[in-house]
Protein chains: 4
Amino acid sequence: MTNQKELRIGMVGYSFMGRAHTQAYRDVSYYFKPELKPVLKAISGRNEANVKAAAEQLGFESIETDWKKLIERDDIDLIDIVTPNNSHAEIAIAAAKAGKHVICEKPLSMSVEEAKEMKQAVEEAGVIHMICHNYRFSPAVQYAKQLISEGKLGKIHHFRGVYLQDWLLDPKTPMTWRMKKAVTGYGTHGDIAAHSIDLARFLVGEITDVAGMLKTFVNERPVAGTENETDTVDVDDASAFITQFENGAMGVFEASRFAGGNRNGNRFEINGEKGSIKWDLENLNNLHVYFHDDEPGLQGFRLINCTESEHPYAGAYWPSGHILGYEHTFINLVHDLIEGISTGKNPTPNFNDGVENQKVLEAVAEASEKKSWVQIPHN
Amino acid sequence: MTNQKELRIGMVGYSFMGRAHTQAYRDVSYYFKPELKPVLKAISGRNEANVKAAAEQLGFESIETDWKKLIERDDIDLIDIVTPNNSHAEIAIAAAKAGKHVICEKPLSMSVEEAKEMKQAVEEAGVIHMICHNYRFSPAVQYAKQLISEGKLGKIHHFRGVYLQDWLLDPKTPMTWRMKKAVTGYGTHGDIAAHSIDLARFLVGEITDVAGMLKTFVNERPVAGTENETDTVDVDDASAFITQFENGAMGVFEASRFAGGNRNGNRFEINGEKGSIKWDLENLNNLHVYFHDDEPGLQGFRLINCTESEHPYAGAYWPSGHILGYEHTFINLVHDLIEGISTGKNPTPNFNDGVENQKVLEAVAEASEKKSWVQIPHN
Amino acid sequence: MTNQKELRIGMVGYSFMGRAHTQAYRDVSYYFKPELKPVLKAISGRNEANVKAAAEQLGFESIETDWKKLIERDDIDLIDIVTPNNSHAEIAIAAAKAGKHVICEKPLSMSVEEAKEMKQAVEEAGVIHMICHNYRFSPAVQYAKQLISEGKLGKIHHFRGVYLQDWLLDPKTPMTWRMKKAVTGYGTHGDIAAHSIDLARFLVGEITDVAGMLKTFVNERPVAGTENETDTVDVDDASAFITQFENGAMGVFEASRFAGGNRNGNRFEINGEKGSIKWDLENLNNLHVYFHDDEPGLQGFRLINCTESEHPYAGAYWPSGHILGYEHTFINLVHDLIEGISTGKNPTPNFNDGVENQKVLEAVAEASEKKSWVQIPHN
Amino acid sequence: MTNQKELRIGMVGYSFMGRAHTQAYRDVSYYFKPELKPVLKAISGRNEANVKAAAEQLGFESIETDWKKLIERDDIDLIDIVTPNNSHAEIAIAAAKAGKHVICEKPLSMSVEEAKEMKQAVEEAGVIHMICHNYRFSPAVQYAKQLISEGKLGKIHHFRGVYLQDWLLDPKTPMTWRMKKAVTGYGTHGDIAAHSIDLARFLVGEITDVAGMLKTFVNERPVAGTENETDTVDVDDASAFITQFENGAMGVFEASRFAGGNRNGNRFEINGEKGSIKWDLENLNNLHVYFHDDEPGLQGFRLINCTESEHPYAGAYWPSGHILGYEHTFINLVHDLIEGISTGKNPTPNFNDGVENQKVLEAVAEASEKKSWVQIPHN
């Protein structure tokens, strides 16, 4: 295999997401036949010992301790950003200016303004860009999209989405950067409500108006490794908002890290004129589909195991009924990323989606502050 | 059995709800041993032929064609109001003034003001009063209440409730009084969001702030029995709102008659510091309960079939696992009504609950109008 | 209402089943418009005090302390037998000879021979007869029958049915007549496997060959009200058997009172050439239906809430989505019983079904003994 | 990395299973830190073009067109057999004699006799051996095992297992080697009932007695690529059997490829003195667990998402609630295989399990023939 056929990855950061992305780069060629073969070229991080360990564990060929060096390297085609949110913009913009394709974790940025700058940078550079809203790459969600696009649900009336977790329920769970505004921007809102917004935008369309509330249940948390030290949580623990969609649908959203019994409860329901759809990440292969014109007496939600050749991406894996997991959402995403890079047609979700998503996040925060509805400009 | 031991019922109206209430009066003595035995004394309605047919079908001894006559009768102890919403206040106030106990369908009234007048009337008359929020009488819901009262869930963080139906999804479904503001007040909002509000108030507490939206999807509907005539829907088809509770919990509510595949989807989830609860009317015997302090590895929602002697009211019926249905919520409610009348201690939910419920309904409508949050005074 | 229009009930016994039957007699006229109105004429039992109390609680007009006297009475049209199994035959045969219609609890008898005598007696007397396999009267099961009869599932390949309970799991649970062979015949096998056999015969057809095993897990149980006395369990605690059906289908059956977590787990699945069906008594309104010729990609079990007007019997009750409970199976059964009596056409399941059911029970016991397959003659 | 630290794989065959095993060899080091790193050294198959394509797709370094040559190679440590069943014995025995470790697909062989020869060969050679019953490597199943081993369920009374598929439901589905006795041995029985038997043996213990039936629903099937040619199915389409376990438990088993709506319905339930467990491959992360000594009123099956660090193997992957799929069962199995090879302690399930499994398969077939119970010798 010649060099031209490789996609040489440079990753910035090596957390949970770094591990998930890398797994996808490693496995995508096993299931699909992408034009380009991902090569784990280099990974960067500030702490040399840690980044070396990460490189070995994940399988990267080399390391950098300064992401700027990584971006300067000639042997890197794609920069993959899996750092905390407050560094996304600087890295992505620099990478674009250096002519690298960019894939960035969500949420895209700390603000709409920053997100727009990022978008402008990648567009001006003419590089391929993506944002890692991986859940829309579940075959069941892709199939939902297909059914909606084909008009099988008719005009959409309702979207209701929750993303419920419970890992902060115990007030003694220690502080992390995910609870510090300066690093993360929003808390639960930016971390997981952002995923629900992405699913809503993907499946229903743009959101034009919001009313909402952000709430913090536990204001002080212990600092890990200390005896009695605590630190202040200055972001939301939960968010809830109601919306208007451009196409007339109503939306209801809720995200929380305090919903006991929900480890990763990313769920949505969509009701249209002709039918309905339900999905739940914790059983991500299943799609529940209802058609209002099924024969009377026989109307009911169908429980569909989306592992069949008819379901997007699923045919690349195993026979029907052999279920897929969390990783496969990333593998499918990387499949689209490589296809985008090899064809020059930018895939979705990309930095434009990042901007629009950020607008909704920001509008909800503003609405929560102002105690009023807020309109969201789309242009 | 002597006269003193009877509870003589006078019913105003004879619709779906009249049939449900009557069933409960007929069966309550079979399962429980109430102090008073309900007697179906008289039923009133304007159309003599119809009310006669209803009396025969339901088993009432006599009829009246004017509810005022019914109220004047000496042989009536309790007036049961199952008429459309715009007549509740006049009948209830007259009944109270005549010294009759009163039970009234929900929503209590057309406005908070009217509701307060009704409450004042029953209190001044010293009669027993109830409002028919029957769903809180499901043994599973009563058990949820018990668990919360015992502190098993700790401080409550979240209530999310939906009441989803789909009987208006087809735009050709004809107009009824339930879509005319002058008769019904609110549409879906007053009819079924009111039930979710009652469950929230019962289980979590008073709501202090709301933001919301009411929406109509189909504005004109055919008039039944005509060829091309249509009539204007001037109430909401769906409502959605987010709330603050007095105790610091967040609430998210949604009600719709356009949610395909949901025939009677009255569902709620509650998340507290120590555990969570889920319930769904369409499988009303089941309560899902999660405890955060269950042994690690063994934490998960328990599916509890609330038909055991430990579950409120359930012991009066059948052995464990023999499921109860919709009627049993009314039988349990009537059990409490009779106990209230025989002991003189007013049961819940009553006209005070009707007032507080109406405050929330009205505040949501106002918030929807004003595009802002609205505070709800409790006193 | 004249005497001719009444159906005058004489009940023998007043246990759990007596209470369930009586409830049905009380309520059937409320939901349906039967030709005959059940009247609770008399109830018999050996202990005068107990039978008096039962009569008052259930609403019977009079009592007898000798069932033979009850059968002699002129003012009784129907004898309802809810006594332990060893007395069914004598009472039913006497009742038939006295020209009374007869309804009898299941299992019909202590043996196939006895069952045949009972059948002969009712047929010779020309009276109407039924056996109380009430579960086939769930609207969901009746709808399953309709789908199969219409050929919607095609030729049936598989029936698998379990009836799992757990009330004997604790070895300290005391002895009752249900564990004494002389009174009950079989244990779990006759009590609840009989229900699965009835569902299989109703939905799939006659069983021609069986292999099986009966098993007792706890051989001695405490005698209630004593300190240390125990008594010997001489019946099965669980039964399992595999079968051939006349039409070529395979059957797998299991019944147990030792299946923890199953309070009343009467469940079956049927797989045919064109589709499948699943049902579970603990959520008895739900029927799961799968069609193999649904569009590829959209194939999956539909969850149907059988409370709609299209579902047998369901239209008599409440609007869609208002769930029915255990009692409604008896009300529907009594509806058919009255229709049978008023038209003279014997309804099902009747004593013939009792005979065929008993043949299967007995063949399984024989197969368990002999350690071989046993053929079942049908004629 | 030095040669000593590698585990050099030689695979015989390259079907669906070859692809699944290879995936596991590729990924095991990413999630775990095994002592040996699998290297995809060589793959063999008779058709050179096909095996070359497979080697490229799967990532093997070299090919052989004769498995005997593969076995002779010095640079192979482990022979992985994924060929049809009738070649397992010859290859495995030759591999063992050549001093290679052996992993073999299930069922182990065409007969108990053959299986015993294979077991003897690996034991005499002192090589490590495994059989690919991968489903017991689901974290949920491993956790079930742990709970049972800890006595959390008490003495086991019941095992009921089904493995239901529907890919042969259509009589027009063409013939494959899986329906030819000479190549496959048993049909559905050996292919998937074998998995249920493995789960039962793993979780409950040895089976000592069986009665059963094997059945073929469609006897002739089209030959793919021909116009009208058909071929005879000479194996079973479905099997059902009831069993005694050594420890006194009862077993009920059923397997079919004709159970519409079940794509891969490998499910079991276990009931013990103190609790119960349920599992379903189609939602393989979920384990349902019931404890009979949970507080009365709060007893119910807990739905546990086995993706937490408390659940065997799960900690190696992602945070709680990020679900695992089908591949992970193989990765976990390969983890144990490598650990076995590096420590010299033979892992389970191995050829001994293959022998015992085959005994049950064969006893059921014999029982089906003889129409009687058959005892299974264990020694």
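Reader: What makes H10(C) mostly covered?

Author: In this predicted model, 15 of the 20 residues of H10(C) are buried. Buried means under 20% relative accessible area, with exposed over 50% and partly exposed in between (1.4 Å probe, protein chains only). H10(C) is therefore described as mostly covered.

Reader: How do you know that the span of helix H10 of chain C agrees with its number of residues?

Author: Helices (H or I, at least four residues) and strands (E, at least two) are DSSP runs, numbered from the N terminus. The expected span is 1.5 Å times one less than the number of residues. For the 20 residues 351–370 of chain C this should give 28 Å, and the end C-alpha atoms are 28 Å apart, so the values agree.

Reader: Why is C:Asn350 said to cap the N-terminal end of H10(C)?

Author: A side-chain oxygen of C:Asn350 lies 2.9 Å from the backbone nitrogen of C:Asn352. A polar contact is a pair of N or O atoms within 3.5 Å; within protein, one must be able to donate a hydrogen and the other to accept it, and residues adjacent in sequence count only if both atoms are side-chain atoms. After H10(C) comes C:Lys371, with a positive phi near 60°.

Reader: How do you know that chain D and chain B meet through the same surface?

Author: Contact means heavy atoms within 4.5 Å. Of the interface residues of chain D, 100% are also interface residues in chain B, so the copies meet through the same surface. The contact takes 18 residues from each of chain D and chain B.

Reader: What area do chain D and chain B bury between them?

Author: Buried area is the accessible area (1.4 Å probe) that two parts lose on being put together, summed over both. Chain D and chain B bury about 1,400 Å², 49% of it on carbon and sulfur atoms. D:Gly297, D:Leu298 and D:Arg302 supply 42% of the area that chain D buries against chain B, more than any other three residues.

Reader: On what conventions do these values rest?

Author: Residues are numbered from 1 along each chain as its sequence is written, and chains are lettered from A and ligands numbered from 1 in the order in which they are written. Local features need pLDDT of at least 70, side-chain atom pairs count only at pLDDT 80 or more, and totals for chains, interfaces and linings use all residues, while side-chain values use heavy atoms, leaving out hydrogens and water.
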